[in-house]
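Visitor: I am new to this structure. Please pick one part, show it to me up close, and then walk me on to a few others.

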Amino acid sequence: MKSMNGNMFSENKNVQKILDFAAKKGFAVDDRFPAEREFAKELGISRNALREALKILQTLGVIEVRSNSGVYLQESDFRMLEKDASVWLMIHKKEIFEILTVREALDLCAIDLIPESMYPEIRNQLKATIEKARGSVVRNQALMEHDLEFHNIIRKASGNEIILNICTVFTGTIYDERRALFMNESRVEKSLQEHNRIANAFGSGDVNEIKLAYTAHLASTRQSIENT
């Protein structure tokens with residue numbers, strides 16, 4: 001959560017590297033991981049990146065950090081991570097809400113910067129990415145990629161690279177928020193419907209209608225997080 005990496009999947013990839021390492025080595029509960037310097041080198045990541053990934057696994061109860069002793073495996077069934085994403089979401093609600101507030105302000109600014117002449121093309125691009133997501137077999141992963149692609153179409157159209165880069169960084173910090181939400185099939189469909197309303201709003205040519213559809217989408221997202 002504290003890592004401000006623009007790659008939305010970076011933390012998850014590092015977590016997966018740790019889990020892959022444990023699986024490859026045949027780790028059982030209470031087996032000890034290598035010391036930090038050695039482990040980071042083994043995984044090919046920085047020590048800071050390793051610490052962030054270990055924090056996620058510690059929060060989810062997969063590992064235990066014992067003072068003056070090391071890091072030990074506590075959960076060998078890694079499938080439990082899929083159902084425990086909601087635990088992470090619950091713990092970080094305040095931070096997620098703060099990030100969403102900043103994102104909303106920046107995205108509304110991006111909408112203001114888009115020339116009206118671009119609205120029809122943006123609508124078409126948004127509709128295309130929605131249809132692509134609906135036709136996907138790998139639901140969770142594809143929907144997270146769709147979410148970033150959808151919002152980045154709008155940000156890129158503003159012509160402001162700073163807004164695009166900042167929002168991409170913010171989106172990368174709340175990977176688990178979307179992972180938890182998109183495990184809920186009703187939220188998946190609701191999100192796609194809200195994206196469709198935003199696309200249709202661009203088709204209306206009315207900037208106020210676009211903003212209303214966008215703010216309604218984020219309000220719905222906040223409500224879903226609150227109810228998790």
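Guide: Ser-220 has its place in helix H11 (residues 207–226); helices here are DSSP runs of H or I of at least four residues, and strands are runs of E of at least two, numbered from the N terminus. The model is predicted, so local features need pLDDT of at least 70 and side-chain atom pairs pLDDT 80 or more, while totals for chains, interfaces and linings use all residues. Residues are numbered from 1 along each chain as its sequence is written, and side-chain values use heavy atoms, without hydrogens or water.

Is Ser-220 buried or exposed? Ser-220 counts as buried because its relative accessibility is 11% (buried is under 20%, exposed over 50%, partly exposed in between, with a 1.4 Å probe and protein chains only). Leaving aside residues up to four places away in sequence, Ser-220 touches Arg-187, Lys-190 and Glu-194, where contact means heavy atoms within 4.5 Å.

Helix H5 (residues 93–113) has buried residues too, among them Phe-97, Leu-100, Arg-103 and Asp-107.

Next, look at helix H2 (residues 36–43) and helix H3 (residues 47–59), which pack at an angle of about 95° with axes 9 Å apart; axes are lines fitted to C-alpha atoms over the stretch in contact, and angles run from 0 to 180 degrees between N-to-C directions. That makes H2 roughly perpendicular to H3 (the range is 65 to 115 degrees). From H2, Glu-36, Arg-37, Phe-39, Ala-40 and Leu-43 meet Arg-47, Leu-50 and Arg-51 of H3.

How values were computed
Parallel < 35°, antiparallel > 145°, perpendicular 65-115°, else oblique.
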